[in-house]
Amino acid sequence: MPGVRLGRWAAVTAVLAGVAVPLCAAGQEGGRPSGEPRPVLVRPVGHQSRGEAEGRYAPQPMAAVPAVGLLSNATAAEGVPPSLATGARYVAGSNVLRLASGRWMFLPTARTAATVVAPDHLPAWWQIARSRAWLASGRIPGRSPAQRTAAERALLAMRALLRPNGAMAAGWSPGWKYSWPRDSSFASAAFARTGHDAEAYRILRYSAATQREDGTWEARTKLDGSGPPDGRRWQLDANGWVPWAAWQWYRTAPQATRHPRLTALYPMIRKAADRAAGSLRADGLPPASPDYWELMTSSANIGTAAPLLAGLNASADLAREMGRPDEAARWARAAQRLSSGISARFASLGYQRTVDGRHGRDSAVAFMAPPFNEAPADLPAALDATYRALLLPNGGLTPGNDRSAPWGGNAWTPSTAFFALAWAATGRPAKAERVLDWVLSKRNALGELPEKVDREGRPDSVAPLAWTGSIVVLSLVALDGTPLPAPPLPR
């Protein structure tokens, strides 16, 4: 989970307000060609001005401040710091920022640093037009103008976080500027379900390129695909999420081209499914592994078991599409064993976090619902009980109520949005709408979805967060009445 970073921002204890450094990319000349817009000076945090003037400079500690927005030209991105967001808003349908002064800030094509221009600046308008054309090439879900506006912003943020090589940044702030297989898989599914086939498939190709020889994935990789940024322990749930995302893409991809493109992905799917199937123990469950909390457990957890079930069912169905009956049967048998293990060990506990029942409720109960898995008959009661147990006074959810977990009083928007998606996909739209309304009400002043919401109900941590955006988009698709199927169970 990108946000599990204890004490990250506590380390930023002082702001060197009087120090400014250039924002231009390394190696760029300080001058500018004739006719180019004049650059911007971002004054130190706390300065009495609104934050923009001439010259391209920013306060040095700006790099350590979580972004609250994102500028993008589809190949590069730049975070919007809080000091620039005051009084600003995006030009509709774009990642061009209208500053409080009325001038525009954008990231020009083929550039890596933003600039401020007049509102009639033609290259900025061209970028807006391309961005709107991209939105129009797919669908913007939502049953109300407010929902559609939120979906539009989420899709644009996801597009801005997607790198040309298919790496999907979790967010555009230090500590989040990496690609997690889990977050990336959700983004691929959201792109696929909104008609953005190229983006969905690009993410899957990156997942194939970064898969380890043993069929697993690192917990996260650098955005250039060169490997992990640290020694964080890998997480087995990726072996479920990635094949599940491939299945969601295949179900929506153009029929004329989807089979040869699946052929290119199939070696990845085979290695992932074989590793998932081979991990199952005698009781049908996977071993203990860090899950989306990125915390180790001493026994099998639902946050790993449920995604692996989705991935094995997805892999078996894709094997049938590829004409590989032996592999389809092998993975279907593994899925049946895992499904039986979940029923025997987790169901009686209401799908709590671990099979030993010692770690409380877990928002990952939603992974047992579509579009991940066909919901078992007892899941509605477990969803309701878990939601009540995890509800905080600010109206959002904590990921779980394990007293040893470091969640504090903050609500996490991904964990909360899981329930909107689960209820929307299981035919309980009223419950889904209430949860979704809360999540959308916590967007920041730029309309971006934050990772967390503090005790007072204010957006907190980094924004936008690709994972929350993806879950919101999928929830809105389901609420539109578009079925969000789960990979079929073996019959």
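At roughly what angle do the axes of helix H7 and helix H9 cross? They cross at roughly 35 degrees and come within 10 Å.

This is a predicted model, in which local features need pLDDT of at least 70, side-chain atom pairs count only at pLDDT 80 or more, and totals for chains, interfaces and linings use all residues. Residues are numbered from 1 along each chain as its sequence is written, and side-chain values use heavy atoms, with hydrogens and water left out.

**The chain**

The protein chain has 13 helices and 13 strands. These are DSSP runs numbered from the N terminus: helices are H or I with at least four residues, strands are E with at least two. Of the 491 residues, 59% are buried. Buried means under 20% relative accessible area, exposed over 50%, and partly exposed in between, with a 1.4 Å probe and protein chains only. Among contacts with a separation of 6 or more, 65% join residues 24 or more positions apart. Contact means heavy atoms within 4.5 Å.

**Two helix pairs**

Two packed helices are described by the angle between their axes and the distance between the axes. Axes are lines fitted to C-alpha atoms, for helices over the stretch in contact; angles run from 0 to 180 degrees between N-to-C directions.

| Helix pair | Axes come within | Crossing angle |
|---|---|---|
| H7 (residues 255-279) and H9 (residues 325-345) | 10 Å | roughly 35 degrees |
| H3 (residues 145-161) and H13 (residues 466-479) | 9 Å | roughly 140 degrees |

H7 and H9 make a left-handed crossing. That is, the near helix is turned anticlockwise from the far one by less than a right angle; clockwise would be right-handed. H7 brings Tyr266, Arg270, Ala273, Asp274 and Ala277 to the contact, and H9 brings Glu327, Arg330, Trp331 and Ala334. Five of these residues are nonpolar, none polar and four charged. Ala, Val, Leu, Ile, Met, Phe, Trp, Tyr, Cys and Pro count as nonpolar; Asp, Glu, Lys and Arg as charged; the others, Gly among them, as polar.

H3 also passes H13 in a left-handed crossing. Contact residues of H3 include Ala151 and Leu155, and those of H13 include Gly469 and Val473. This contact has eight nonpolar residues, three polar and no charged.

**Threonine 304**

Threonine 304 sits in helix H8 (residues 302-321). It is buried, with a relative accessible area of 1%. Beyond neighbours within four places in sequence, threonine 304 contacts Leu236, Asp237, Pro286, Ser289, Pro290 and Asp291. Phenylalanine 367 is 63 residues away in sequence and 9.4 Å away in space, C-alpha to C-alpha.
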